[in-house]
Amino acid sequence: QVQLVESGGGLVQAGGSLRLSCVASGRIFSINAMGWYRQAPGKQRDLVATITSGGITNYADSMKGQFTISRDNAKNTVYLQMNSLKPEDTAVYYCNAIVRTTDWSLRLSNYWGQGTQVTVSS
């Protein structure tokens, strides 16, 4: 199995910043893409940003200019720099990875982390 572990969440004041990280481990042959999604209480899980192994990034329109995604392929790690945080950014942030696992077929599978809570006050 593949494991994704997020860290970096917490409580911040409006206008502040946080940096989230996510490390993938397990039966990984390669990672095609990693990304971040968020879910507020009573709402659906929404895209924040994704990044491919080649460094191509995609952002939700509402996140562009506020959040920055980056990746360290050598460490199977993805980051999310979150600036100018607002109370409406409060949510559980989930790491996602599209992984080719080390079985006979080298199949692509979708994995999720447990999530990390981000709370923005004021």
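Let's start with Tyr93: setting aside neighbours within four places in sequence, Tyr93 is in contact with Glu6, Leu20, Trp36, Tyr37, Arg38, Val48, Phe67, Leu80, Met82, Gly115, Thr116 and Val118. Contact here means heavy atoms within 4.5 Å. A quick word on the ground rules: this is a predicted model, where local features need pLDDT of at least 70 and side-chain atom pairs count only at pLDDT 80 or more, while totals for chains, interfaces and linings use all residues. Residues are numbered from 1 along each chain as its sequence is written, and side-chain values use heavy atoms, with hydrogens and water left out.

**The core**

Tyr93 also turns up in the largest nonpolar core, which has 32 residues. Leu4, Met34, Trp36, Leu80, Met82 and Tyr93 are the ones that touch the most other members. A nonpolar core is a set of buried Ala, Val, Leu, Ile, Met, Phe, Trp, Tyr and Cys residues joined through side-chain atoms within 4.5 Å. Buried means under 20% relative accessible area, exposed means over 50%, and partly exposed is in between (1.4 Å probe, protein chains only).

Which strand gives the most to this core? That's β9, with five residues. Strands supplying at least two core residues each include β1 (2–7), β4 (28–39), β8 (77–82) and β9 (91–101). Strands (E, at least two residues) and helices (H or I, at least four) are DSSP runs, numbered from the N terminus.

**The disulfide**

The structure holds one disulfide, a pair of cysteine sulfur atoms within 2.5 Å. Cys22 and Cys95 form it, with their sulfur atoms 2.1 Å apart. The link ties together distant parts of the chain, with Cys22 in strand β3 and Cys95 in strand β9, 73 residues apart. Both Cys22 and Cys95 are buried, and their link is left-handed, with -85 degrees about the S-S bond.

**Rings and charges**

The rings of Tyr37 and Trp112 have centres 5.0 Å apart and planes at 65 degrees, so they make an edge-to-face pair. Tyr37 sits in strand β4 and Trp112 in strand β10 (residues 108–112), 75 residues apart.

Trp112 is partly exposed, at 34% relative accessible area.

**A few single residues**

Ile51 lies in strand β5. Why does Ile51 count as buried? Because its relative accessibility is 6%. Leaving out neighbours within four places in sequence, the residues in contact with Ile51 include Met34, Ile56, Ile69 and Val78.

Asn76, in the loop between β7 and β8, has a positive phi of about 50 degrees although it is not a glycine. Asn76 counts as partly exposed, at 23% relative accessibility. Ser122 isn't a glycine either, and its phi is positive, near 80 degrees. Ser122 is placed in the segment after β11 and counts as exposed because its relative accessibility is 80%.

Note on methods. Phe/Tyr/Trp six-rings, centres within 6.5 Å; stacked < 30°, edge-to-face > 60°.
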